[in-house]
2 protein chains.
Amino acid sequence: MRIPLADILHPDLSGDRLAEIRLLLADLPEPDNDCVVRTRARECTLTKPDRALGRLEDLTGWLAGWQRRHPPRLARVAARVFAANHGMAARGVSAYPAEVTAQMVENFRAGGAAVNQLCETFGVDLRVLALDLDRPTRDFTLDAALSQAEFGEAFDVGLQQAEEGLDLLCLGEMGIGNTTAAAALAYALYGGRPSAWTGPGTGVAGERLSAKRALVQTSVERHVREAEDALDLLRRLGGRELAAIAGAVVGARLRRIPVLLDGFVCTAAAAPLAVIRSDALDHCRIAHVSPEPGHRLLLRRLGQRPLLDMDMRLGEASGAVLAVGLLRAALACHLGMATFTGAGVSTREQ
Amino acid sequence: MRIPLADILHPDLSGDRLAEIRLLLADLPEPDNDCVVRTRARECTLTKPDRALGRLEDLTGWLAGWQRRHPPRLARVAARVFAANHGMAARGVSAYPAEVTAQMVENFRAGGAAVNQLCETFGVDLRVLALDLDRPTRDFTLDAALSQAEFGEAFDVGLQQAEEGLDLLCLGEMGIGNTTAAAALAYALYGGRPSAWTGPGTGVAGERLSAKRALVQTSVERHVREAEDALDLLRRLGGRELAAIAGAVVGARLRRIPVLLDGFVCTAAAAPLAVIRSDALDHCRIAHVSPEPGHRLLLRRLGQRPLLDMDMRLGEASGAVLAVGLLRAALACHLGMATFTGAGVSTREQ
């Protein structure tokens, strides 16, 4: 059944986008536990000791529950990479100039980035959404990064990417300066020491890293004081690509599409949803843990164990698409393995 | 250049197989560092921050160094699963009866096991070598598991599997009772508490697990006292599949084929080589860490960080073949990504 987006969007509230999104969050669908149980039941019949495939078995159950289908399916796997620019990037928080965001979007479109190769390797459909690259967000050290209208627009781009019929959605981002936005957002949401949330990103070190940390510390305080809630912090500190990721996560939940989140920025973009409602990311798995120090902290806050730990810190959904290989493996075992009875293999001694 | 196996085997020593293998270990080839350097040089030109693909970049360099080729290649990837039976299995150390070894070999051949599905997913050629399944090793609580001749025969089967022209070799095993052999071997090699090395295997618990631990403790002491060295401990405590794995590891090194080792049993089989010569496993990566408690200890002793941590404890090369997905991804990025110059992307600001 196709759910028209107009129904999802509660158009009567379209004046106050944050209120509208909060309404969406108040009424999220749950997984189909019957499908999880059927997955588990089949796993027990397969020619291996019980639970011997470990987390691969969990992943199959997770897919089945959210897809509301047993066996689950990985025919249509999509990666969506959202790109945007940040006003605060002018303050030298990145090792790369801001024009790299647009250049990398061209590179994605030409097939030259890491994520292109990974999508080809694991059979994933890639789309890159460039969000007003010529309009960076406002510098959050001075003002809220996005207005309500701007935030809503970016959120909707993400929401629309959770297309009916997708079996799995990998999310990622590109935006020079956005590990600073992610660090600021995580610090605003969870507190702690700002330096613990703020790392090298694309590779800043020394005085530049110190400046990045100071910027996170000083700019967050005011926004925390003035923000209505976690979603409003996302609007104030995040960029368009972070808003779009949050939108895609919500859209995927509404359409019961399981989601693989990529690294630090992507996880930070989704975190406000979990602050508002602790089970809001139950349909998401964190594909990998980045060496960016804030990521491990964030995973602990979210109670999530990453699927991979490969020291990758590229973004652009690279870790998420890499983890698709694990899901394809899990599903292949679930679908293709013989049962104890079928293969004439003796079961456990009592 | 094809190296005839007769040359490798030093046939003049064929009477004393352990001495012969020690001679092989004394003269192991090294990786080609020039190929590693060329891999690294190309990585630096690709459109990503330096080292942003983390361990994927290391893996590409590792492949290139051992294959002595830049770029490296993954055209011929093989998985070899060695199966054998253990005399001590009659003592009830496994949750499954010993006939399951032969039944699972049939299941591998019929395409019904997990490793079959994983090999199909990641383009890996699978072969299963059943090693005298109707002749279990001697019960090592009473005697050495294998004679020198039996050990040499199994070692040679492994050695022969490292075929000229392979780009990567995944190793695995099947053998009811073999986590007991692996625990005994690891305890014999490294000491510590026998209970720390001995876990549930296919799923024993309670009194049965206590009995397994007691068996490991009491039987190892005598063999440690009587053994010539680590290789002799492998003969005394390991089974034919463990000897074959050690042979395959040595053969792969001689032919410069990089190796992915699977879980606890597979790593334990290779460990005696590292005890004899600390760099003997430099051409090997441990594909995953098993929840079998001894595996993490063993990795620490070997100074190896596993590629995956998926709570898998199946054996049969399942973790090794799963990790092939990571290698394919690493190579796809290395070969397919655009360079900064080619894509017109700005490099780091100075």
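How many residue pairs are in polar contact between chain A and chain B, with both residues at pLDDT 80 or more? The count is 22, and the points below go through the rest of the interface and a few local details.

1. Confidence. Please keep in mind that this is a predicted model. The predictor gives the complex an ipTM of 0.95 and a pTM of 0.96. For chain A the average pLDDT is 94, and 95% of the residues score at least 70. The stretch to treat with care is residues 1-6 of chain A, where pLDDT stays under 50. The model still has 10 contacts for these residues beyond four places in sequence.

2. Extent of the interface. Chain A gives 59 residues to the contact and chain B gives 59 residues. About 4,700 Å² is buried between the two chains, and carbon and sulfur atoms account for 59% of that area.

3. Polar and charged links. Besides the 22 residue pairs in polar contact, the interface of chain A and chain B holds 4 salt bridges. One of the salt bridges joins Arg305(A) to Asp309(B), with 3.3 Å between the closest N and O atoms.

4. What chain A brings to the contact. On the side of chain A that touches chain B, the elements giving two or more residues are α4 (55-67), α5 (99-110), α6 (114-122), α15 (318-336) and α16 (340-343). The largest share comes from α15(A), with 8 residues. Sorted by class, this side of chain A has 29 nonpolar, 17 polar and 13 charged residues.

5. Cis peptide bonds. In chain A, the bond from His70(A) to Pro71(A) is cis, with omega near -5 degrees. Pro71(A) sits in the loop between α4 and β1 (77-83) of chain A. Chain B also has a cis bond, from His70(B) to Pro71(B), with omega near -5 degrees. Here Pro71(B) belongs to the loop between α4 (55-67) and β1 (77-83) of chain B.

6. A positive phi. Asp311(B) has phi near 60 degrees, a positive value in a residue other than glycine. Its place is the loop between α14 (293-302) and α15 (318-336) of chain B. As background for this point and the previous one, most residues other than glycine have a negative phi, and most peptide bonds are trans.

Definitions and conventions: Residues are numbered from 1 along each chain as its sequence is written. Chains are lettered from A and ligands numbered from 1 in the order in which they are written. This is a predicted model: local features need pLDDT of at least 70, side-chain atom pairs count only at pLDDT 80 or more; totals for chains, interfaces and linings use all residues. Side-chain values use heavy atoms; hydrogens and water are left out. Contact means heavy atoms within 4.5 Å. Buried area is the accessible area (1.4 Å probe) that two parts lose on being put together, summed over both. A salt bridge is a side-chain nitrogen of Lys or Arg within 4 Å of a carboxyl oxygen of Asp or Glu. A polar contact is a pair of N or O atoms within 3.5 Å; within protein, one must be able to donate a hydrogen and the other to accept it, and residues adjacent in sequence count only if both atoms are side-chain atoms. Helices (H or I, at least four residues) and strands (E, at least two) are DSSP runs, numbered from the N terminus. Ala, Val, Leu, Ile, Met, Phe, Trp, Tyr, Cys and Pro count as nonpolar, Asp, Glu, Lys and Arg as charged, and the others, Gly among them, as polar. pLDDT is the predictor's confidence in each residue, from 0 to 100.
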